[in-house]
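Visitor: I would like to learn how to read a few features of a protein model. Could you take me through them slowly?

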Amino acid sequence: MQVVPVLVWVERKVSAWIQDRVGPNRVGPLGLFQPLADAIKLLFKEDVVPEGTDRFLFILAPAVAFAPAALLATVIPFGQPMMVDGELLPLQVCRGNVGVLLTLALTGFSVYGLAFGGWASNNKYAMLGGLRAGAQMLSYEIAMGLALVSVLMTAGSVDLNVIVLDQTGTWGGFIPKWNALRQPLAFVLFFIAAFAETNRLPFDLPECEAELVGGYHTEYSSMKFSLFFLAEYAAMFASCCLITTLFLGGWSLPGMDVHNHSPFFSLLTVAVFFAKVSVLLFFFIVVRWTLPRFRFDQLMHLGWKTMIPLGLANILFTGAMAQG
Amino acid sequence: MNLRDAFFVVFSFLAIFGAFLTVTRRHPMYSALSLILFFGAISGVMMVLAAPFLALMQLMVYAGAILVLFLFVIMLLSLKESELGGERPWPLKLLAGIGSTVLFGLLAAAILRAPFSPAPPVPGTFGSPDAVGTVMFSEFVLPFEVVSVLILAATMGAVILAKRHLDRPAPQADPPGGGHHG
């Protein structure tokens with residue numbers, strides 16, 4: 001959650017860079033305090049609940065949108081377990097052998113905030129945004145799940161720690177055995193699905209300002225709008241963490257000693273993890289400012305007619321490889 | 001009462017509360033919301049009862065996917081207050097009351113009479129994805145495959161039903177709303 005302001009700043013700087021502008025540069029060094037100023041501005045704005053809305057759901061929706069993304073971050077192992085006072089301290093908030101399933105369940109929940117928000121707003125644009133969010137998430141969750149299955153088949157476990165450890169080996173001493181290289185198709189599918197699940201361009205059909213004004217958050221203002229905004233960025237961060245864990249070896253680097261539990265080494269692995277996540281986040285931002293938005297039928301075609309069959313084929317292929 | 005029992009009680013009450021709201025709310029949107037609460041609470045109960053795999057499947061499939069479809073239909077219909085229907089006539093209410101009381105009584109009697117013995121201790125991996133998967137694909141592989149064929153048949157049936165009207169030449173050039181979105 002603390003990452004979000006920095007992320008917004010990076011987003012604006014990168015967008016400026018892509019569009020050959022300067023970007024925020026007045027508040028603080030390099031405009032670094034701009035997100036802070038924005039947040040204060042949003043907090044002091046008038047909080048409008050328009051007439052004809054469903055008050056309860058209208059207020060509930062932003063919180064529902066934000067919670068899953070925040071929860072998702074709790075199952076990610078951020079680094080090598082740390083040895084403190086002779087006890088192994090795992091760098092993961094919520095441990096368990098069902099990590100991957102929990103992430104899938106949580107990404108499924110994130111749509112409710114958008115759908116409720118869109119419906120409760122009593123506005124046709126918001127409503128269409130909410131509907132689109134529902135259709136889009138449902139469609140791409142299938143592709144995401146299928147991509148995940150082939151990864152699980154490779155690792156043989158749904159425990160995120162095991163999946164990370166499974167990727168610590170190398171080929172020929174220097175090419176890491178990351179799932180991105182072992183399961184390239186699954187990686188691409190998962191990556192695209194992650195864009196769709198976080199409603200980032202080119203998949204931001206639920207908000208689509210050209211057609212729907214602001215989509216599901218058209219009627220929202222002040223802090224409630226900020227929560228939707230926060231939710232999008234938090235979801236982006238959580239997705240990048242998840243992709244790093246599942247496909248890019250998590251906190252490991254090729255050649256790292258997985259039995260070294262000294263605190264310094266652990267912190268190093270955390271740094272490695274966040275370096276990988278930062279690269280992914282940068283990619284997310286660059287894509288947003290370079291690609292145009294899909295049309296809704298194109299979106300559905302890509303999801304159902306391309307990604308899902310590819311995902312199924314990939315599972316078949318993985319299964320055949322495992323047998324042969 | 002230990003922590004586990006406490007969680008069980010909390011989740012159970014949440015589930016009952018959610019189920020109650022689901023049937024009493026007038027607007028389907030709120031019924032759906034209550035149903036989410038119910039699914040979440042039931043999943044919590046399963047988690048406490050050492051069935052983490054089942055709990056997460058419950059969340060993923062019911063709360064995460066099926067209810068989104070419910071919401072979809074509710075949003076597309078977007079019922080006005082007048083379309084929701086007024087109060088039901090009292091004989092119907094009485095009948096529903098008697099019916100549910102009898103059902104509750106039968107179930108309660110059955111539960112009270114059942115010879116409950118303390119459950120045998122289970123291994124620590126009980127209910128984990130590993131354990132469920134192993135049992136499902138060894139001991140119960142035939143039922144599993146039969147169910148999968150059944151689901152496949154149902155899916156194909158749904159596709160055929162949905163596509164049937166697409167074969168006919170459309171009278172208008174552009175049907176409103178676009179047919180292929182759901």
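Guide: B:F8, B:V9, B:F13, B:I16 and B:L49 make a nonpolar surface patch of about 490 Å². Areas come from the Shrake-Rupley method with a 1.4 Å probe, and for residues only the protein chains shown count as cover. This is a predicted model, in which local features need pLDDT of at least 70 and side-chain atom pairs pLDDT 80 or more, while totals for chains, interfaces and linings use all residues. Residues are numbered from 1 along each chain, chains are lettered from A in the order in which they are written, and side-chain values use heavy atoms, without hydrogens and water.

Visitor: How does B:V9 count at 34% relative accessibility?

Guide: Buried means under 20% relative accessible area, exposed over 50%, and partly exposed in between. B:V9 therefore counts as partly exposed, because its value is 34%.

Visitor: Is B:M60 buried or exposed?

Guide: B:M60, which has its place in helix α3 (residues 52-77) of chain B, is buried, with a relative accessible area of 17%. Contact means heavy atoms within 4.5 Å, and, not counting residues up to four places away in sequence, B:M60 touches A:L101, A:L104, A:A105 and B:A65.

Conventions. Patch = residues over 30% accessible without salt bridge, like charges linked within 9 Å, V, L, I, M, F, W, Y side chains within 5 Å. Salt bridge = Lys/Arg side-chain N within 4 Å of Asp/Glu carboxyl O. Buried < 20%, exposed > 50% of the residue type's maximum accessible area, 1.4 Å probe, protein only. Helix = DSSP H or I, 4+ residues; strand = E, 2+ residues; numbered from the N terminus.
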